[in-house]
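Please keep the structure in view while going through the numbered points.

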Amino acid sequence: MIDSFKLKVLKALTSALEEITVANGYQHDLAGRVHRGRLLFTQEDGLPHLAINEPPQMPDGIVAPDGSPSHFTKHPLLIQGFVEDDRQNPTDPAYLLLADVQKRLAIERTRGRGYDILGFGDRIHALRIGQAVVRPPDAVVSDNSFFWLPVTLEYAEELQNPFA
């Protein structure tokens with residue numbers, strides 16, 4: 001099967017985040033530890049790891065004019081990072097993982113002076129990094145400390161050819 005453009009973008013984002021490795025100058029190794037579309041994890045998944053999901057509400061979209069084969073998309077995502085806790089200060093490791101993720105996203109955002117985000121040339125217009133929230137372990141979301149980082153990708157979609 002051929003991937004849609006939207007899925008290609010998500011896979012490229014996953015690959016970019018998996019470049020967060022100690023060998024690449026980061027504090028964490030995320031190769032093989034970045035997942036799309038997962039909300040639940042087990043101990044077998046190991047830590048640290050990231051999940052990329054869309055927020056649970058519909059975004060306000062910009063509607064294409066009638067008859068237009070294109071659509072400008074603001075694709076909101078939530079990147080969630082999970083870490084092993086520090087017993088004394090449980091959220092400290094989450095802040096460190098968050099810093100690695102923000103650094104990698106900032107590098108990607110400026111790739112080709114902002115004209116080659118995620119390797120798609122000028123097709124992706126912006127990668128916006130939102131304000132993160134770091135949380136300690138709780139009984140509802142995670143047994144480990146974690147963060148949420150909102151990210152928005154802005155790009156044009158060809159509605160008549162979503163695989164282009």
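1. A residue is called buried when its relative accessible area is under 20%, exposed when it is over 50%, and partly exposed in between (1.4 Å probe, protein chains only). By this rule glutamate 154 is buried, because its relative accessible area is 8%. Glutamate 154 is placed in strand 6 (residues 146–158); strands (E, at least two residues) and helices (H or I, at least four) are DSSP runs numbered from the N terminus. Contact means heavy atoms within 4.5 Å. Residues up to four places away in sequence aside, glutamate 154 touches Phe72, Thr73, Lys74, Arg123, Ile124, His125, Ala126 and Arg128.

2. The model is predicted: local features need pLDDT of at least 70, side-chain atom pairs count only at pLDDT 80 or more, and totals for chains, interfaces and linings use all residues. Residues are numbered from 1 along each chain as its sequence is written, and side-chain values use heavy atoms, with hydrogens and water left out.

3. The confidence of the predictor in each residue is given by pLDDT, from 0 to 100. The chain has a mean pLDDT of 91, and 93% of its residues reach 70 or more. Among the elements, the highest mean belongs to strand 1 (residues 34–36), at 98, and the lowest to strand 3 (residues 70–82), at 90. Where pLDDT is low, the predicted coordinates should not be read in detail.

4. How do the strands pair, given that pairing requires at least two DSSP bridges between two strands? Strand 1 and strand 2 are parallel, with three bridges, and valine 34 has leucine 50 as its bridge partner in strand 2. Strand 2 and strand 3 run antiparallel and are joined by five bridges; in strand 3, leucine 50 is partnered by glycine 81 and asparagine 53 by leucine 78. Strand 3 and strand 6 are also antiparallel, with 13 bridges, and histidine 71 finds its partner in strand 6 at glutamate 157.

5. Strand 2 (residues 49–53) is mostly covered, with five of its five residues buried. His49, Ala51 and Asn53 point one way from this strand, while Leu50 and Ile52 point the other way.

6. The loop between helix 2 (92–109) and strand 4 (124–129) holds tyrosine 115. Tyrosine 115 counts as exposed because its relative accessibility is 60%. Apart from neighbours within four places in sequence, tyrosine 115 is in contact with Gly121 and Asp122.

7. Arginine 113 and leucine 118 also lie in the loop between helix 2 and strand 4. Although not a glycine, arginine 113 has a positive phi of about 60 degrees, and leucine 118, likewise not a glycine, has a positive phi of about 60 degrees. Is each of these residues buried or exposed? Arginine 113 is exposed, because its relative accessibility is 79%; leucine 118 is buried, because its value is 8%.

Methods
Two strands pair if DSSP finds at least two bridges between them.
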